[in-house]
Each structure stands twice: as C-alpha cells, then as structure tokens.
Amino acid sequence: MNRKYVVQLTEEERLQLQQIVSTGTAPARKIRRAQILLKSDSSAEGPNWSYQAICAAFGVSATTVTTVRKAYCRGGLEAALNRKKPEREYPHRLDGEAEAHLIALACSEPPEGRARWSLRLLRDRFVEAGYVEQVSHETIRQVLKKEIKPWLKKRYCIPPQANAAFVCQMEDVLEVYQRPYDPRRPQVCMDEMPQQLLVEVHQPLPVEPGQARREDYEYERNGVSNIFLFFEPLAGRRHVWVSEHRTKVDWAHAMRYLADELYPEAEVIVVVMDNLNTHGPSSF
C-alpha cells in the first residue's frame, strides 16, 4: 500500500487522541478516527501500524484509513477528527417585492403536465419571468416556508350536498351563539372523549435549572376513562366530570351534575352538543 500520507503526531496531539479514546464519551466515529491516527503514528513514539493491521483491528476499509491520514496531512488533527460540512452559500436573497411575486407564482396553477410545483421548477420559472437574474432552490424553499407555512391547516365542517337537516341544526346553533348573556339561561357547550390512562414504567427526572422535565417513552396501559367537559363561553367557566364508561346512564349522571351542582339556580340550561347516540332524552 502506498504510504503517500504519513502521520507523525506531536506529543500534545498524541495525548489528546489518547484522551478521546480512553474516556469514550465522544461519538463513535470520532473515537474510531482517533484510534486510526494513533496506530498510524510513524514518529519515534508511534506504533506505525500497516494499513492491513489497522483494517483488521478496527474493521475498517483501507479507503477509510487513507481518508483519515489524508485529512490529517492536509488539515491537521481537527480536520482528521471532525468531518467538515460543505460551506454552501445561497446568494441573492429576495426583497419584499420579489417574495410577493414568488408566493403568487407558487399559489398559481402548475404548468401543464405537472401535478404540482417543485422547488427547482419554481426557481426556473421565477428566473425566466425576470424577477431575479439568479436564485437557488434553497432560497425558494426558505421564502415559501416563512410566508406560506405549509404545515398549518385550517379545519372546517363541510356539510354534505343538499343536506337540509345539517343546515337546519347549524343555523340553530349559530342563533344560540348570538343570544346575549343571561345567568338565568346559561349557554353551555358539552362534549366528551375517552382518555387512555397510563402508568409510568420509569420515574421521570424532575425539572432542573436549564433542564426540562424528562420522561421515558415507555408506559403501561391502565384502562380507559371518559371525560365530560362543560364550557360556558360567555362566562368563561369550564368544568370536567369523569366517568368510567360512556353509556347513556353516565351521560344522564353528567347532566344531573350540570343541573344540580353547577347551575342549580338556572331557570333553563341551553346545552350545545353533538348528536352522539347517548345524548338524548331517552337517556334520562
């Protein structure tokens, strides 16, 4: 094997590498490179192992050994231990007007034959339109991420086509929301959901200065409970009632809790809720 790249460590470099290997706290890749450099040391104090011996001892290829030695000879110890990320420059940042044109282009219909805009297609069309002379697709990505925020979603309840019953109930709810506040006729929104009960397998680590609470991802199921939530928007009141199940009887008890304990002085309680099969007069 051609010994083009010869490693000759100084005493300081040797001690630094030995510390990396002995402590074992560095990343595995960095420790392996330190081991290769120590065994490649051809100075008077070094073992000066051959390529074959290093490959057999550490289970690496001759190419890896050459890469580490080459990095040391050209850039020193730091370059040999740490892989440098390529320094990329993305010039031609866009001003406000150019960003507006880019967003308008991204929101338009894609070209014929294309299902959607890609970053590189947007870049090419943006340059062809004469807004800028040159721009990278990374700049395109950053502008769209900043302005459009594609991870955000708006959720609506879209009614079925020609569904008069849905529209009738929707308009009834909207009419209720328009009524003024009256403590004798509170408007209460009610909903329920099952909640899985979990038990920690490992004790969480408490909050410390500069360190958030840490919890292990492992857990054990410990059954399921049902949560009823009552919310009066106009008064800012919120109450929770918990049951083991979600039967009609449970819902009836939850409504008795609403009437007898939360609003005992009310003349009428206007309850806004969904059409779950347990939410009806028959449950009483």
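Biologist: Is Glu 11 buried, partly exposed or exposed?

Modeller: This is a predicted model, in which local features need pLDDT of at least 70, side-chain atom pairs count only at pLDDT 80 or more, and totals for chains, interfaces and linings use all residues. Residues are numbered from 1 along each chain as its sequence is written, and side-chain values use heavy atoms, with hydrogens and water left out. Buried means under 20% relative accessible area, exposed over 50%, and partly exposed in between (1.4 Å probe, protein chains only). Glu 11 has a relative accessible area of 47%, so the residue is partly exposed.

Biologist: What is the N to O distance in the salt bridge of Glu 208 and Arg 214?

Modeller: Glu 208 is partly exposed at 42% relative accessibility. Arg 214 is also partly exposed, with a relative accessible area of 32%. Their side chains meet at 3.7 Å.

Biologist: Which residues do salt bridges that share partners join into one network?

Modeller: By the rule above, the count comes to 11 salt bridges. Some of them share partners, and the network they form joins Glu 11, Arg 14, Asp 41 and Glu 45.

Biologist: Why are the buried residues of helix H7 on the same side of H7?

Modeller: The buried residues of H7 (residues 119-128) are Leu 121, Leu 122 and Phe 126. The arc is that of the directions from the helix axis to the C-beta atoms. They are on the same side of H7 because they cover an arc of only 130°.

Biologist: Which helices do the buried residues of H7 pack against?

Modeller: Contact means heavy atoms within 4.5 Å. Phe 126, with a relative accessible area of 0%, touches residues including Ala 98, His 101 and Leu 102, not counting residues up to four places away in sequence. The buried residues of H7 pack against helix H6 (96-106) and helix H8 (137-147).

Note on methods: Helices (H or I, at least four residues) and strands (E, at least two) are DSSP runs, numbered from the N terminus. A salt bridge is a side-chain nitrogen of Lys or Arg within 4 Å of a carboxyl oxygen of Asp or Glu.
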